[in-house]
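Dear colleague,

Please find the structure below, handed over for your records. My notes on it follow directly after.

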Amino acid sequence: MAHFSGKVLALAGGVGGAKLALGLSRILSPDQLTIVVNTGDDETFHGLHVSPDLDTMLYTLAGLSNPETGWGLAGESFRVLEMLNRYGADTWFNLGDMDMATHIRRTQLLREGATLSEVTAELCLKLGVQHRIIPMSDDSVRTFIGTDQGELAMQDYFVRLRCEPTVASVSYMGAEDARPSEGFSHALEEADLVALCPSNPLLSTGPILVLPTVREELARKRSGRLRVAVSPIIGGAAVRGPAARIMTDLGHDATSLGVAKMYQDICDTFVIDEQDAKEAPAIAGLGVKPVTAPTIMNTEEDKVALARIILELGGGFQHDE
Ligand code: GDP
Ligand code: CA
């Protein structure tokens, strides 16, 4: 058996981030791993505070997520939504019946004065998730997308309009005045390895990195700390979702190299898929060490294998027979 000794901070959005986070959680003990999650996608629906990326992470680590979609709960039904629809409420955002309980409980605890970090810890506790899942901030940050159809809230663009509008800008409302959550700041200080998960660089890691002090702190080269990112782009396309199209719309190259350029100041090692091996020299040219690996995570074995590769890069693996 090999044991990794050291502290890991993973930065993640929803589905792509949760795949790698699950792999890391299978190898690392709860005190070794902190998963910081984007809350720029949060939105109020039917009076309830919904945190889509936190929920994806929570359900994934709790073993409750829907394997087909990667988000939502397995065996979910949508009867509450059907009834809301009869009442004429907007029901384009898919909220399952069991999922609804998460949002009700979150909203209730927030109203009682708990922070989003405290609420998330409580939900984790009750669902048996031992690894720390922490919102990037307890302050409100909202991602807005400037498009050919006007300025849209993130879920409006993502779910209601199915990412169809052409994107002209992405902004993170409230980010300038938001502080990283306490748990995030603490993990940032402690981490021996920072992993930027294969998440959407504009919609998922973007809001995390724009929080005051975060990018500056990650940009500092610190001895004994390795910063590793995994490309969400493979073969010039996103595995799923609009990442490639948004990158193109905003003038980035929708390639692993394009993502590496966005992270070059905050990452030492950039993991790209085997299919993109030809991009390695150009990534090396940015002063970032390219590592080629299988990065498509379909099965749990895939997720653990990629997590292991990342931890091996970080050193600190002790092999004992
Ligand atoms: P979201 O908040 O649910 O959109 O999730 P993320 O931002 O965390 O993840 C979305 C990104 O994950 C997309 O850009 C996908 O290309 C990427 N992604 C999804 N699955 C995989 C995978 O198995 N491997 C890699 N390398 N990227 C993936
Ligand atoms: Ca998301």
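Predicted model: local features only at pLDDT ≥ 70, side-chain atom pairs only at ≥ 80, totals over all residues.

Residues are numbered from 1 along each chain as its sequence is written, chains are lettered from A and ligands numbered from 1 in the order in which they are written, and side-chain values use heavy atoms, with hydrogens and water left out.

Metal site. The calcium ion (ligand 2) is coordinated by Asp41 (OD), Asp53 (OD) and Asp53 (OD), at 2.1 to 2.7 Å. Asp41 belongs to the loop between β3 (33–37) and β4 (43–45) and Asp53 to helix α2 (residues 52–61), so the pair ties together parts that are twelve residues apart in sequence. Donors here are N, O and S atoms within 2.8 Å of the metal (3.2 Å for Na, K and Ca); water is not among the atoms, so sites may look incomplete. Helices (H or I, at least four residues) and strands (E, at least two) are DSSP runs, numbered from the N terminus. Asp41 counts as buried at 5% relative accessibility, and Asp53 counts as buried at 7%. Buried means under 20% relative accessible area, exposed over 50%, and partly exposed in between (1.4 Å probe, protein chains only).

Helix α2 also contains Thr56, which is buried with a relative accessible area of 6%. Leaving aside residues up to four places away in sequence, Thr56 touches Gly14, Val15, Ala18, Gly70 and Trp71; contact means heavy atoms within 4.5 Å.

Strands. An open sheet of three strands has the order β8-β7-β9, with antiparallel pairing. At its edges stand β8 (150–153) and β9 (167–173), each with a single partner strand, so one side of each is left without a neighbour in the sheet. Two strands pair if DSSP finds at least two bridges between them. Strand β7 (residues 142–147) is joined to β9 by six bridges, the two running antiparallel, and Thr147 stands opposite Val167 in β9.

Elsewhere, five bridges join strand β14 (residues 269–273) to strand β15 (residues 289–293), and these run parallel. Val271 has Val291 in β15 as its bridge partner. Together with helix α12 (residues 280–285), β14 and β15 make a right-handed β-α-β unit. Right-handed means that, with the strands pointing away from the viewer, the path from the first strand over the helix to the second runs clockwise.

Aromatic rings. A search of the whole structure finds three aromatic pairs. In one of them, Phe45 and Trp92 are edge-to-face, at 5.5 Å centre to centre and with 85 degrees between the planes. This pair links distant parts of the chain, with Phe45 in strand β4 and Trp92 in the loop between α3 (79–86) and α4 (97–111), 47 residues apart. Phe45 is buried, with a relative accessible area of 8%, whereas Trp92 counts as partly exposed at 26%. Trp92 and Phe93 also form an edge-to-face pair, at 6.2 Å centre to centre and 85 degrees between the planes. Rings of Phe, Tyr and Trp (its six-membered ring) pair if their centres lie within 6.5 Å; planes under 30 degrees apart count as stacked, over 60 as edge-to-face and the rest as tilted. Phe93 counts as buried at 11% relative accessibility.

With kind regards
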